[in-house]
Amino acid sequence: MDFVRLWLGLLLPLGGALDFGYHHQEEMEAFLKNVARNYSSITRLHSVGKSVKGRNLWVLVVGRFPKEHRIGIPEFKYVANMHGDETVGRELLLHLIEHLVTHDGKDLEITNLINSTRIHFMPSMNPDGFEAVIKPDCFYSNGRENTNFYDLNRNFPDAFEFNNVSRQPETVAVMEWLKTETFVLSANLHGGALVASYPFDNGVPATGTSHSRSLTPDDDVFQYLAYTYASRNPTMKKGDQCKNKMNFPSGITNGYSWYPLKGGMQDYNYIWAQCFEITLELSCCKYPHEEKLPFFWNKNKASLIEYIKQVHLGVKGQVFDQNGNPLPNVIVEVQDRKHICPYRTNKFGEYYLLLLPGSYVINVTVPGHNPYLTKVVIPEKSQNFSALKKDILLPFRRQLDSIPVSNPSCPKIPLYSDLPSHSAATKPGLFFFLVTVFHMFVK
């Protein structure tokens with residue numbers, strides 16, 4: 001290891017900007033620990049688990065209250081380096097961390113983002129794979145899989161077909177991590193193509209596979225999220241910049257339309273963790289020369305920041321009984337877009353629904369009571385760094401000890417087996433592009 005670079009890393013960010021180079025585990029840890037030490041009021045560093053070889057899976061939280069849950073503050077996450085040989089995202093997250101903490105209190109947009117959001121960064125989900133790459137290659141290296149030779153993005157439970165692979169320590173750590181926070185929005189960063197891909201990655205006829213796609217009940221939101229990222233990346237939005245690769249109109253694609261994938265993380269996040277996640281393919285070359293890293297930072301910086309802001313789309317609030325007690329484990333969903341694994345309030349009675357502008361009917365369901373319906377109108381221009389706030393007061397008194405504190409887990413089985421078409425979302429409308437254009441002008 002280069003001890004000079006490690007020593008320099010220990011001085012960051014007080015001694016100078018993070019260099020544009022590849023940072024191995026020791027250097028990355030030194031940088032993250034230094035940030036957590038020097039910006040302790042807005043950061044928290046912790047490990048959510050260990051890799052096969054015992055390397056920490058570090059997570060840095062950035063937010064005005066990084067060590068505690070705050071009612072109404074949504075949780076956002078970025079995860080990179082799931083494939084150890086796909087390296088650009090790993091470095092971009094380190095630079096994004098530095099950009100956020102050094103611009104807090106100096107840049108109004110960044111300050112508002114830190115005040116209103118808790119942002120979780122996992123720069124490397126597969127540190128063993130990254131360290132295993134001896135000879136970097138644009139297309140494939142021996143570090144793609146983890147030490148046990150498992151592809152971590154094929155290692156999660158699948159909602160469409162059985163995925164009986166041996167669950168790896170890195171995968172288990174992420175699955176457990178998802179249970180500890182109410183994540184609302186996420187992205188995982190990859191390389192080897194240039195596109196923003198949205199769920200589903202796998203599918204059945206009920207989700208549209210007979211039409212070479214697999215769409216979620218929230219397809220309009222997912223298309224908007226993917227377009228939000230791609231449209232601010234001048235290279236990605238062209239859709240045809242990688243030789244011998246598919247063309248992607250506007251730089252986005254439905255995952256299944258690109259190629260079916262069993263056991264992917266973005267489908268798992270959406271179905272079992274109530275977290276909207278997309279996959280960002282950031283470079284045609286998986287492991288480009290480090291001289292190219294400033295180019296990738298300049299092309300992705302605006303997109304990375306703008307995407308985080310989308311965690312404030314839609315509506316949020318708490319559900320209370322008539323005595324003002326918050327109700328956990330209550331199903332809260334839009335009437336015409338039910339999820340196969342119902343979305344529920346957390347232990348604080350909170351819910352978050354990512355929605356585009358429009359009129360919706362929210363269905364609130366508590367076991368043993370009739371559904372409670374309430375109408376919400378999401379304004380055309382979203383509020384500044386906040387979703388529409390809509391608390392819901394139910395007309396009965398509920399004993400809190402009769403409602404489980406933690407959300408019941410949907411079984412980790414193919415939930416979509418033999419399911420009839422579940423939503424009009426499998427028939428994408430043409431209005432999405434009009435909505436997107438409108439948002440581009442009002443933001």
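Me: What share of the chain's contacts with a separation of 6 or more comes from residues 24 or more positions apart?

Reply: Such residues account for 75% of those contacts, a contact being heavy atoms within 4.5 Å. Keep in mind that this is a predicted model, where local features need pLDDT of at least 70, side-chain atom pairs count only at pLDDT 80 or more, and totals for chains, interfaces and linings use all residues. Residues are numbered from 1 along each chain as its sequence is written, and side-chain values use heavy atoms, with hydrogens and water left out.

Me: How many helices and strands are in the chain, and what makes a stretch count as one?

Reply: There are 11 helices and 15 strands. They are DSSP runs numbered from the N terminus: a helix is H or I over at least four residues, and a strand is E over at least two.

Me: What marks E281 out in the record?

Reply: The unreviewed UniProt entry annotates E281 as "active site". UniProt positions follow the numbering used here, feature names are shortened, and such annotations may be inferred rather than shown by experiment. In the model, E281 sits in strand β8, which covers residues 276-283.

Me: Which backbone nitrogen does the E281 side chain reach?

Reply: The one of G191, at 3.4 Å. A polar contact is a pair of N or O atoms within 3.5 Å; within protein, one must be able to donate a hydrogen and the other to accept it, and residues adjacent in sequence count only if both atoms are side-chain atoms.

Me: In what order do the eight strands of the open sheet run?

Reply: The order is β1-β2-β4-β3-β5-β8-β6-β7, with mixed pairing. Two strands pair if DSSP finds at least two bridges between them. β1 (43-50) and β7 (252-254) are the edge strands, since each pairs on one side only. From one strand to the next, the twist averages 20 degrees.

Me: Which helices lie across β2 and β8?

Reply: Helix α2 (residues 25-38) lies across β1 and β2, at about 30 degrees to β2. Helix α7 (residues 219-231) lies across β3, β5, β6, β7 and β8, at about 30 degrees to β8. Axes are lines fitted to C-alpha atoms, for helices over the stretch in contact, and angles run from 0 to 180 degrees between N-to-C directions.

Me: What joins β12 and β13?

Reply: Seven bridges, with the strands antiparallel. They form a hairpin with six residues between them, and G368 in the turn has a positive phi of about 90 degrees. β12 (residues 358-365) also pairs antiparallel with β10 (residues 331-334), over four bridges.

Me: Where is the pLDDT below 50?

Reply: pLDDT is the predictor's confidence in each residue, from 0 to 100. The chain averages 89, and 88% of the residues score at least 70. Residues 1-15 fall below 50, with 29 contacts beyond near neighbours in sequence. Residues 430-443 are below 50 too, with 19 such contacts. Where pLDDT is low, the predicted coordinates should not be read in detail.
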